[in-house]
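Thank you for asking me to look through this model with you. I have set out my notes as numbered points, for someone who is meeting the structure for the first time.

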Amino acid sequence: MDLGGYANRVAWIDLTTGTVEYKPIAEEDALKYVGARGLGVKYVFDNGPQVDPLSPDNILCFMNGPLTGTDANMSGRMAIVTKSPLTGTVTDSHHGGWSAARLKWAGFDGLVFKGKAEKPVYAYVENGQVTLHDASDLWGKGIHETIKILQERYGDEKNLSVIAIGQAGENLVKFACWVNEDDRASGRGGTGCVGGSKLLKAVVIRGKHADRPRPKDKEAWKSAHQRALATIMDEANVTSPRKGGLSVYGTNVLMNITSNMGALPSFNSKVTSFGERAELISGEWVKEHILVDDPTCHACPVACKKEVHIKEGPFAVHMESFEYEPAWSLGANCGNSDAASIAYLIDRANDWGYDAIELGDVISLYMEYSERGYANGSGLAWGDAHGMVEVARKIAFREGVGDILAEGTGKAAAKLGHPELGMHVKGQGVPAYDPRGLKGMGIAYATSNRGACHLRGYTPASELGLIPLKTDPLAWKGKGELLKLLQDIHAFSDSLDLCKFSAFAEGAEEYALQYSAMTGRQITADDVLKIGERIYNLERYYNNLCGFTGKDDTLPERFLKEPSTMPGSEGHVCELDLMKEEYYRVRGWVDGVVPESKLKELEII
């Protein structure tokens, strides 16, 4: 394959036999599905839809794309792709930092694990080779300690990355995740649970920046790179270093904004605002009181990470990063406005190794369950930070009620006998946007191919006025069409693999120019959207083969039938059925199913 940006090497590791086979990427696959998310999904698709997520037959893919590890801005992302034990759908979850870039520098576009080891193992990756090593001494340890031990074992910290699971993954918590560099998580979908089922504890990668890919067309790359950087640096954009809200306050710049507009689901989504208490867990409050550093990822000038230090008290911790999503899930969602406890809980999630969004969703579920008297006098009160830490521990180690909550929001609510209290789609808990106040998020959650998700198509970019294409957050018309556009462009950028935040500044044209210059294959902005559409439809086709249809593209009834009572969205519900009709029409789907004609049009079959 003669495309720039690729190592053209994927390691297929059979954990059952302990053997490794090295294969090039089929050029047709690279042209159709690019890399990272797209290529990983193709591998999962080819492995078959009927596989049990926790069986040795499921595959676990660590993938990068043709821009990963290059000089492209915000190109430090890795996609971990598998069939999800949480949702039963295909899933991909991305993390930042340097592990993805180092995987490319070590000579790989991906690592694909299959089978199950006889005893715990970790993989070591360097110079185009993968070796497996005994991890028995690491099993039972948290992620922070595991990373420290492996860094000390291999040294050369500036060129070394460690991706690991914690006790949650080992104990098959359905929303367990992989974490690298202590706090950068591939959070959603239970990829760490799949790792635990295979007895795969960690992946250690050594790669040097000097070995990064060079563009096929250097002159075209210089122009494309400068254009992309100019958009990121533009002071009109939220990405502008040290000036834009994302750079100054991190993702948590949104806390006050969404709360004030009645779009912050609080107290397990019973209400749509956290009122004045939102300020106490906001990006502004963090910057003023506990911020100590602004770390960044490979090739990123934005530096959205917000490292904090709680110096004393029961929640003393030094951690990165105090993000909007977990600050919401463990804060407003649980009636908790104690920023110190939220930082501590995020750190626990990053050490025990599970998705901090799902963690807050199952805890808030348990809190409402308790409030309604279903817990028989025990349970957990809103805002009980100490109680939250204990329940979080029980989930990681599957003790008591934690064993039920470890199944994730949808299954836990059903097991507790009150499925109506679970705020989820297809088993995965909802993120930090209430679809009664941001209507686009309603159709986005419902039609996401990996369960409730804000990142498949980030409609708030438009509804909050962060991009030139601005829409009314309380209007449902046009949101199906908007969502398709964003889902397709995000599917492409996730396959490059660029940070999602690049889309706050860059568009299909910038992506096309960078891809063309790096690979030497000329594509247009229309091609970007067509490739993204193909990837999104392949995911949907896989889910259809798993049994998912339009009836699964739904939302918790709370969003559909209980009007918001808070300023900004008062009186509103989410008009999901109207948006679904519009969305299916522009997608060309029939009741959530991709017809054969669409599959042929997109050259999927």
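The points below take up a strand sheet and then a pair of helices, and they concern a predicted model.

1. The sheet is an open one, built from six strands that follow the order E2-E1-E6-E3-E4-E5, and its pairing is mixed. The edges are held by strand E2 (19–23) and strand E5 (90–95), and because each has a single partner strand, one side of each is left without a neighbour in the sheet. On average, and with direction ignored, neighbouring strands of this sheet are turned by 15° against each other.

2. Within the sheet, strand E1 (residues 10–14) runs parallel to strand E6 (residues 110–114), with which it pairs over five bridges. If you wish to trace this pairing by eye, look for Asp14, whose bridge partner in E6 is Lys114.

3. Helix H2 (residues 36–46) packs on the sheet, where it touches E1, strand E3 (60–63), strand E4 (78–83), E5 and E6. The direction of H2 makes about 20° with that of E4.

4. Turning to the helix pair, the axes of helix H19 (residues 479–496) and helix H23 (residues 576–587) come within 7 Å and cross at roughly 50°, which means that H19 is oblique to H23. Their crossing is right-handed.

5. On the H19 side, Lys479, Gly480, Glu481, Leu483, Lys484, Gln487 and Asp488 meet Met579, Glu582, Tyr583, Val586 and Arg587 of H23. Sorted by class, the contact of H19 with H23 has six charged, four nonpolar and two polar residues.

Definitions and conventions:
Residues numbered from 1 in each chain as written. Predicted model: local features only at pLDDT ≥ 70, side-chain atom pairs only at ≥ 80, totals over all residues. Heavy atoms only, no water. Axes fitted to C-alpha atoms, helices over the stretch in contact; angles between N-to-C directions. Helix = DSSP H or I, 4+ residues; strand = E, 2+ residues; numbered from the N terminus. Parallel < 35°, antiparallel > 145°, perpendicular 65-115°, else oblique. Left-handed = near helix turned anticlockwise from the far one by under 90°. Contact = heavy atoms within 4.5 Å. Nonpolar A, V, L, I, M, F, W, Y, C, P; charged D, E, K, R; others polar. Pairing = 2+ DSSP bridges.
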